[in-house]
Amino acid sequence: MAQPTQQPKKQIAFFEKYLTIWVILCIVGGTLIGYVAGDQMEVLSRMEVYQVNIPIAILIWLMIYPMMLQIDFTSLKRIGRKPTGIVLTVIVNWLIKPFTMAFFAWLFFSNLYSAFITPEQAGEYIAGAIILGAAPCTAMVFVWSYLSDGDPNYTLMQVSVNDLIILVAFVPIVGLLLGITDVTVPYDTLFLSIVIYVVVPLVAGFLTSRTLIRSKGEEWFTREFLPRLKPMSVLALLLTLILLFAFQGVNILNNPLIIVFIAIPLILQTYFIFFLTWYSGRKLRLGYAVCAPAAMVGASNFFELAVAVSIALFGLDSPAALVCVVGVLVEVPVMLSLVAYANKNKF
């Protein structure tokens, strides 16, 4: 009797698997550079156009563009076949998640940490958390979905819907929640950030993918072209982190516990949103392959966009930008723990 063929164990790619290690190395390296270079870092910080830092903008665009190449808006026509999972994703990501993130940030930064940070600092830390919470994941969720045996086509629909909603909902939600925290909202900079970091790479990615698929075929595009761009995206992320921590170096050395303080509410928010979506999906009788990625989309963040917007609004050395960077630091280990939970509790 023939033995059943054993399926190869799914693994995360090398760069993504050790992303937390790369991030830690960038934190250490960037902090040391900032400490040694001191005021010389001001040269890079002054390279701005309409409050958008040019070196950081280029690096973040290089991060986001490869992700946008994967978006296929033709998948949206399949939403009508199984709309429940999409509706759950939209409700959690846009009507619940930004507000629970704002709550956790307010609870910790304005109350539990009030003995350690000033009210002004608390306001910017809360602002960074709000920006992070209002940007649902559009890239790494493909990895989490793959590792948890999610339906790849449905994940693609969920991400495509989120990308479209970001265009119209991100600015109003961020503006509303920042207004509640008494932070002045420069709407012109906020709109410009969305154009630079979402609209431009989204259009460029769509045109590039359509053109290459027509000329080279979808298999070449998926198997040859996209993998070549992945290292560029990760490298751009790491260089961005080095620059960010070079600007934050003195602040971190003066208050090293701030990384831990920031991580706690972000981690709690991630687990809360995952289990809220997970159990809501089960109540709605979603299949596992739809429910798992729906929970992953809600739990993870589009940290590339959040980093860019926080820098544009508050500056490279701001507490808001630091919150978004710590979001990158905790993302991989926390999400891998949730992938393990999903795989252990398949239904």
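The following legends describe close-up views of a predicted model.

Residues are numbered from 1 along each chain as its sequence is written, and side-chain values rest on heavy atoms, with hydrogens and water left out. As the model is predicted, local features need pLDDT of at least 70 and side-chain atom pairs count only at pLDDT 80 or more, whereas totals for chains, interfaces and linings use all residues.

**Figure 1. Overview of the chain.** The chain holds 14 helices and 2 strands; these are DSSP runs numbered from the N terminus, with helices being H or I of at least four residues and strands being E of at least two. Of the 347 residues, 55% are buried. In these legends, buried means under 20% relative accessible area, exposed over 50%, and partly exposed in between (1.4 Å probe, protein chains only). Among contacts with a separation of 6 or more, 85% join residues 24 or more positions apart, a contact being heavy atoms within 4.5 Å.

**Figure 2. Packing of helix 5 against helix 8.** Helix 5 (residues 83–112) and helix 8 (residues 152–180) have axes 10 Å apart, at an angle of about 30°. Axes are lines fitted to C-alpha atoms, for helices over the stretch in contact, and angles run from 0 to 180 degrees between N-to-C directions. The two helices are therefore roughly parallel to each other; angles under 35 degrees count as roughly parallel, over 145 as roughly antiparallel, 65 to 115 as roughly perpendicular and the rest as oblique. Ala, Val, Leu, Ile, Met, Phe, Trp, Tyr, Cys and Pro count as nonpolar, Asp, Glu, Lys and Arg as charged, and the others, Gly among them, as polar.

**Figure 3. Packing of helix 8 against helix 12.** The axes of helix 8 and helix 12 (residues 288–299) come within 9 Å and cross at roughly 30°. Helix 8 and helix 12 are therefore roughly parallel to each other, and their crossing is right-handed. Helix 8 contributes Tyr 154, Thr 155, Gln 158 and Asn 162 to the contact, and helix 12 contributes Val 290, Pro 293, Ala 294 and Val 297. These residues divide into 5 nonpolar, 3 polar and no charged.

**Figure 4. Surroundings of Pro 136.** Pro 136 belongs to the loop between helix 6 (119–133) and helix 7 (141–147). With 0% relative accessibility, Pro 136 counts as buried. Its C-alpha atom is separated by 6.3 Å from that of Asn 93, a residue 43 residues apart from it along the chain. Leaving out residues up to four places away in sequence, Pro 136 touches Asn 93, Trp 94, Lys 97, Asn 162, Ile 166, Val 297, Ser 300, Asn 301 and Phe 302.

Figure 5. Ser 145 lies in helix 7 and is buried, with a relative accessible area of 2%. Apart from neighbours within four places in sequence, Ser 145 contacts Gly 150, Asp 151, Thr 155 and Pro 293. Asp 149 is placed in the loop between helix 7 and helix 8 and, at 31% relative accessibility, counts as partly exposed. Although not a glycine, Asp 149 has a positive phi of about 60°.

Figure 6. Arg 285 is located between helix 11 (258–283) and helix 12. This arginine counts as exposed at 78% relative accessibility. Arg 285 is not a glycine, yet has a positive phi of about 60°. The C-alpha atoms of Arg 285 and Gly 85 are separated by 9.8 Å, with the two residues 200 residues apart along the chain.

**Figure 7. Cysteines Cys 291 and Cys 324.** Cys 291 counts as buried at 0% relative accessibility, and Cys 324 likewise counts as buried at 0%. The disulfide count comes to 0, where a disulfide is a pair of cysteine sulfur atoms within 2.5 Å.

Terms used. A crossing is left-handed if the near helix is turned anticlockwise from the far one by less than a right angle, and right-handed if clockwise.
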